[in-house]
Amino acid sequence: LLQILTKEPGRLVTACFSPDGRYIAAAHTDGSIRLWDIDDAAGACIAVFTEHKREVKHVLFSPDGERLLSGGDDGTVVFRRLRDVVNGFRSGLQGTG
């Protein structure tokens with residue numbers, strides 16, 4: 001798990017598990033958030049979100065696991081609907097925010 005979270009550029013700031021334990025969202029100093037499917041044997045990164053222009057300070061899943069929320073040093077809060085991201089990944093499309 002630690003290898004997955006630290007192999008990307010930008011220092012890891014925070015991370016959280018989805019309510020069902022299948023996904024990890026990892027926020028980095030470069031303003032990116034990576035969504036990992038930890039049920040996948042290889043620990044696939046299924047999306048990279050780049051809406052924030054500065055360090056991401058907070059990332060969390062909604063209690064029902066349907067949304068991913070983040071807040072950054074740039075003063076923005078971003079809400080994402082994960083169903084679209086996950087379905088897109090399974091169809092061969094990777095989310096980029």
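**Figure 1. Secondary structure of the predicted chain.** The chain holds two helices and seven strands, where helices (H or I, at least four residues) and strands (E, at least two) are DSSP runs, numbered from the N terminus. Read from the N terminus on, the elements follow the order α-β-β-β-β-β-β-β-α. This is a predicted model, in which local features need pLDDT of at least 70 and side-chain atom pairs count only at pLDDT 80 or more, while totals for chains, interfaces and linings use all residues. Residues are numbered from 1 along each chain as its sequence is written, and side-chain values use heavy atoms, with hydrogens and water left out.

**Figure 2. Burial and surface of the chain.** Of the 97 residues of the chain, 41% count as buried; buried means under 20% relative accessible area, exposed means over 50%, and partly exposed is in between (1.4 Å probe, protein chains only). The accessible surface of the chain is about 5,300 Å², and 52% of this area belongs to carbon and sulfur atoms. Accessible areas come from the Shrake-Rupley method with a 1.4 Å probe, and for residues only the protein chains shown count as cover. Among contacts between residues at least 6 apart in sequence, 37% join residues at least 24 apart, contact meaning heavy atoms within 4.5 Å.

**Figure 3. The open sheet β5-β6-β7.** Three strands form an open sheet in the order β5-β6-β7, with antiparallel pairing; two strands pair if DSSP finds at least two bridges between them. β5 (56–61) and β7 (77–81) stand at the edges with a single partner strand each, so one side of each has no neighbour in the sheet. From one strand to the next, the twist averages 15°. For such angles, axes are lines fitted to C-alpha atoms, for helices over the stretch in contact, and angles run from 0 to 180 degrees between N-to-C directions. Five bridges link β5 with β6 (residues 67–72) in the antiparallel sense. Val59 has Ser70 in β6 as its bridge partner.

**Figure 4. The pair β3 and β4.** β3 and β4 run antiparallel and are joined by five bridges. Leu35 stands opposite Ala47 in β4. β4 is mostly covered, with six of its six residues buried. In the loop between β3 and β4 (44–49) lies Asp40, which is partly exposed, at a relative accessible area of 32%. Tyr23 and Asp40 are 17 residues apart in sequence, and their C-alpha atoms are 9.6 Å apart in space.

**Figure 5. Ser32 and its surroundings.** Ser32 sits in the loop between β2 (23–28) and β3 (33–37). With a relative accessible area of 3%, Ser32 is buried. Its side chain makes a polar contact with the side chain of Arg34 (2.4 Å). A polar contact is a pair of N or O atoms within 3.5 Å; within protein, one must be able to donate a hydrogen and the other to accept it, and residues adjacent in sequence count only if both atoms are side-chain atoms. Neighbours within four places in sequence left aside, Ser32 is in contact with Ala26, Ala27, Val48, Phe49 and Val56.

**Figure 6. Glu55 and its surroundings.** Glu55 belongs to the loop between β4 and β5. Glu55 counts as buried, at 16% relative accessibility. The side chains of Glu55 and Lys57 make a polar contact (2.9 Å). Apart from neighbours within four places in sequence, Glu55 is in contact with Arg11, Val13, His28, Thr29, Gly31, Gly72 and Asp73.
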